[in-house]
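Have the viewer open as you read.

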Amino acid sequence: MPVNEHISKGLRRNDRQLYEVIESIFPTVPNSATYHRGLLEALGQVDGEVSRLIAAEHDRLQNTLQLIAAENQCSRAVLAALGSVVQNKTTEGFVGSRFHGGCEVVDGLETLAVTRAKEVFGAQHANVQPHSGTGANQIVLTAILETGDRILSLAMDQGGHVSHGAAVAFAGKFFEVEQYHVDPKSFLLDYGAIRQQALRFRPRLIICGASAYSRIIDFAAYRRIADEVGAYLMADISHISGLIAAGVHPSPVDHAHFTTTSTYKPGGPRGGLILMGRDFDAPIQAGGRSVPLWERIEKTTFPGFQGTPYLNNIAAKAVFFREMLSAEYKARQFKIVENAQVLARAFDRIGYDILTGGTDNHMFCINVGHFREGLTGAIAQHCLEECGIIVNMNRLPYDPHSPRVTSGMRLGTPIVTKNGMGQTQMEAIAGLIDNVLTQVEPAGSREYRLDDRLRLETKHQVEDLCARFPMV
Ligand SMILES: *Cc1c(COP(=O)(O)O)cnc(C)c1O
């Protein structure tokens, strides 16, 4: 027992009053390790309700199959950084131009995150402050466009993202948006058609990147179109940034003026990232003077768009970018694609209609309406959920159904791959899903009947499968 503790123990026994006086003058100051240890126990002691719900979410994740293409599973190291005291630090501005004192430690963290992000993506500039992928997009749009400027982007039902100009969202409200479409037969991006549309529409910004597109995106082709019409190019790689970091998908960083991504989809903490390649210091006119693009992006991040950065998320991003540089992370990205291809082939063999016939990345969409009369994305999602298989309904290009019904189901393999599943498990998963979708009885566009025995049996099979691949 350390001397101090020995003395204080003796004191506590012999002279309670004196002990308390000494304690109040010299309270034991826990170090960082003791402070952060047992965070969940501490939460359990003060808030049983939230604590129980967090435990329930852990159990749900462990005991059901996570096949949502937009989800991933961060490491415990990333979680630790997120739940650290760094969350308490308030400041504004960037490293070297902060508006509050006491930033020497968080400056170190943000610098690490930036340096590592640049290394991961081979970028000239990285901005790690955006609170989300959507926020990163809004910052870029606000930085380079004036109200009413023109954007050309992929429509949401074609695989695009709501933040790319959907009428219901920010960009749709402040800018003039025209959207491009995939080829109605092949469902592939048609660069010739996009070029024609750009020549006619003359956008100031072209957005590429998608939330539901399973093929390689030709970023160089987009840049040629942007240069021809004098537009900026933004590549939103939220879904495929992990694959790009590992070299499984070509990188847009030197083609696009701006590359944006969410940081949770490749497996990190929630948040956004803006990267810039060879055009990082190209001049842009802002407020009557010429500034480099990277500076325009920083000024638009703060004070233009956000307030204080989430420094704990930035610390977690730093941890994650280091993970992304590892051989294990890179190898896993190849395995994610391989698993997606095995899963797609297994469905294809059974007779499902897979959009574009397969996949080059981590996800693909199935037209469930083509599999069985009356089956919709909504029914597929809900009946599978009852069986412990978590997927999401997805509107397909030229989908006759509304967003709450849809003809499609989107499947992704990042999480099952992270937990160690491979070819055998992909084939088993296709079988489990097919078994349910073959037997469910549609009763309307969202309602259905599902046999209780089938539900319970599938649920148990899913639990057995998941138990063999614990969350890592
Ligand atoms: C998920 C996604 C986003 C949004 O990221 P959030 O961090 O959830 O706001 C943006 N763009 C694309 C293409 C996405 O898939």
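This is a predicted model: local features need pLDDT of at least 70, side-chain atom pairs count only at pLDDT 80 or more; totals for chains, interfaces and linings use all residues.

**Helix packing and backbone details**

Residues are numbered from 1 along each chain as its sequence is written, and side-chain values use heavy atoms, leaving out hydrogens and water.

**H16 and H18**

- Helix H16 (residues 377–386) and helix H18 (residues 423–439) pack at an angle of about 115°, their axes 10 Å apart (helices are DSSP runs of H or I with at least four residues, strands are E runs of at least two, and both are numbered from the N terminus; axes are lines fitted to C-alpha atoms, for helices over the stretch in contact, with angles from 0 to 180 degrees between N-to-C directions).
- Ala380, Cys383 and Leu384 of H16 meet Ile433, Val436 and Leu437 of H18 (contact means heavy atoms within 4.5 Å).
- By class, the contact of H16 with H18 has 6 nonpolar, no polar and no charged residues (Ala, Val, Leu, Ile, Met, Phe, Trp, Tyr, Cys and Pro count as nonpolar, Asp, Glu, Lys and Arg as charged, and the others, Gly among them, as polar).

**H10 and H11**

- The axes of helix H10 (residues 191–201) and helix H11 (residues 219–229) come within 10 Å and cross at roughly 20°.
- That angle makes H10 roughly parallel to H11 (angles under 35 degrees count as roughly parallel, over 145 as roughly antiparallel, 65 to 115 as roughly perpendicular and the rest as oblique).
- The crossing of H10 and H11 is right-handed.
- From H10, Tyr191, Ile194, Arg195, Ala198 and Leu199 meet Ala221, Tyr222, Ile225, Glu228 and Val229 of H11.
- By class, the contact of H10 with H11 has 8 nonpolar, no polar and 2 charged residues.

**Helix H5**

- Asp47 caps the N-terminal end of H5, with a side-chain oxygen 3.1 Å from the backbone nitrogen of Glu49.

**Backbone geometry**

- Most residues other than glycine have a negative phi, and most peptide bonds are trans.
- Phe302 and Pro303 are joined by a cis peptide bond, with omega about 5°.
- Pro303 is found in helix H13 (residues 293–305).
- Thr356 has a positive phi, near 65°, and is found in the loop between strand S13 (353–354) and strand S14 (363–367).
- Thr406 has a positive phi, near 60°, and is found in the loop between strand S16 (392–394) and strand S17 (408–412).

How values were computed:
A crossing is left-handed if the near helix is turned anticlockwise from the far one by less than a right angle, and right-handed if clockwise. A polar contact is a pair of N or O atoms within 3.5 Å; within protein, one must be able to donate a hydrogen and the other to accept it, and residues adjacent in sequence count only if both atoms are side-chain atoms.
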